Amino acid sequence: MNSPGDDGRTTSLRPETRLVTAGRDTRAQRGFINPPVVHGSTVLYPTADALHAHRAEFQYGRHGTPTTKALQEALIALEGPQCAGVGLAPSGLSAITTTLLAVLKSGDHLLVCDNVYRPSRNFCNGLLARYGVETTYFDPMIGAGIAELFKANTMAVLVEAPGSQSFEMPDIPAIASVAHARGALVIDDNTWATPLFHRSLDQGVDISMQAATKYIGGHSDIMFGTISANARAWPTIEESIRLLGVCAGPDDVFLAIRGLRTLAVRLAQHYRSGLEMARWLSARPEVVRVMHPAMENDPGHAIWKRDFTGASGLFSIVLKPAPQKSVDAMLDTVKLFGMGYSWGGFESLVIPFDCATYRTASTWAPGGPTLRLHIGLENVEDLKADLAGGFEAFNAAAGP
């Protein structure tokens, strides 16, 4: 039995079905469900004429294999009709840096949302600055007011919706409308929601990136990035990937394919559990504020409700003012929340953070210590009990 993806008939299917069927050709795979993991560099040509003309579906391992093609086809189906192509990178940061190098040159001006992933910011302030690209940061809530920041040489706008620490929700359609009127490209870090819950290319974004390390991989065992682009931007992205020699390892590609097949059920659970935990935390006396766009009282909720169809398991909280020893006591007490700098896997995580040292266009003054939580696939009652024990340690360490 052939899969519905064998002849490309996936456009009429719903996203959950496309995740399961797209990028599968069981006939070419001799009946097997999953594509083979192709480890290869050299591709042999059958004749000298074919070699001279580069007449082959695959020409060299760095440029693609049957394994990478399967993942790219599946991601194109997920991204929707605005997607002209998908590039694969060895990490989420590599996807971001490759994109910026592709669309910018010396003398250009870049606008970047102030809540952007900090390594993205470091790249802009470091390598891009050395290459003669000027970066201006803007308040995440600026909306159409971004028009005042454009210069004659502004070539691109980079947004992250929401920011993966402070969770402000930029108005992407409003920003895109201004940017396109001035000929600039809009780039979105779409890792938090993935294209399953946020079709950013449909919202006016030209290039959508993901750290597929997170939810697409889903098991905390790969480093991976994707770059999806519309017809306007894809030729530039495709060329730059080739020129820079960007490619991902075949085993990670295969694990990304496998993760993609279960993305819908995993992300639905992260969404439900994350929102339940956020609401439970908002009622705790130790918590001053919960930063989660799907919460009705969140400043970005209206935009989230308009543009997104779901949320992931990542959000942040502001604790009541307390000494560092109280926060550390809480972190050392919890058992189900590991301390680690990632998210998107099956396990729950927690890290403290402070944006104040690197924000330049907006003020970060939350009023207390801040923690970022990733809600994994554990039972939420167990997670609540674990955090309750952590709060007991938090309060005890603070003293009377």
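The legends below describe close-up views of a predicted model.

In this predicted model, local features need pLDDT of at least 70 and side-chain atom pairs count only at pLDDT 80 or more, while totals for chains, interfaces and linings use all residues. Residues are numbered from 1 along each chain as its sequence is written, and side-chain values use heavy atoms, with hydrogens and water left out.

**View 1. Strand β5 and its burial.** Strand β5 covers residues 185-189, where strands (E, at least two residues) and helices (H or I, at least four residues) are DSSP runs numbered from the N terminus. Because five of its five residues are buried, β5 is largely enclosed by the rest of the structure; buried means under 20% relative accessible area, exposed over 50%, and partly exposed in between, with a 1.4 Å probe and protein chains only. Leu185, Ile187 and Asp189 point one way from the strand, whereas Val186 and Asp188 point the other way. In a regular strand the side chains alternate between the two faces of the sheet.

**View 2. The partners of β5.** Strand β4 (residues 154-160) runs parallel to β5 and is joined to it by five bridges, two strands being paired if DSSP finds at least two bridges between them. Val159 stands opposite Asp188 of β5. The chain passes from β4 through helix α6 (residues 172-181) to β5 in a right-handed β-α-β crossover, a term that applies if, with the strands pointing away from the viewer, the path from the first strand over the helix to the second runs clockwise. Strand β6 (residues 207-210) is also parallel to β5, with three bridges between them, and Ser208 in β6 is the bridge partner of Asp188.

**View 3. Thr98 in helix α4.** Thr98 lies in helix α4 (residues 92-103) and is buried, with a relative accessible area of 3%. A polar atom of the Thr98 side chain lies 2.7 Å from the backbone oxygen of Ser94. Leaving aside neighbours within four places in sequence, Thr98 is in contact with Ile227, Ile241, Leu244 and Val246, contact meaning heavy atoms within 4.5 Å.

View 4. Most residues other than glycine have a negative phi, and most peptide bonds are trans. The bond from Ala161 to Pro162 is cis, with omega near -10°, and Pro162 is placed in the loop between β4 and α6. His54, in the loop between α2 (48-53) and α3 (66-79), has a positive phi near 55° and is partly exposed, with a relative accessible area of 48%. Thr194, in helix α7 (residues 194-197), has a positive phi near 60° and is buried, with a relative accessible area of 1%.

Definitions and conventions: A polar contact is a pair of N or O atoms within 3.5 Å; within protein, one must be able to donate a hydrogen and the other to accept it, and residues adjacent in sequence count only if both atoms are side-chain atoms.
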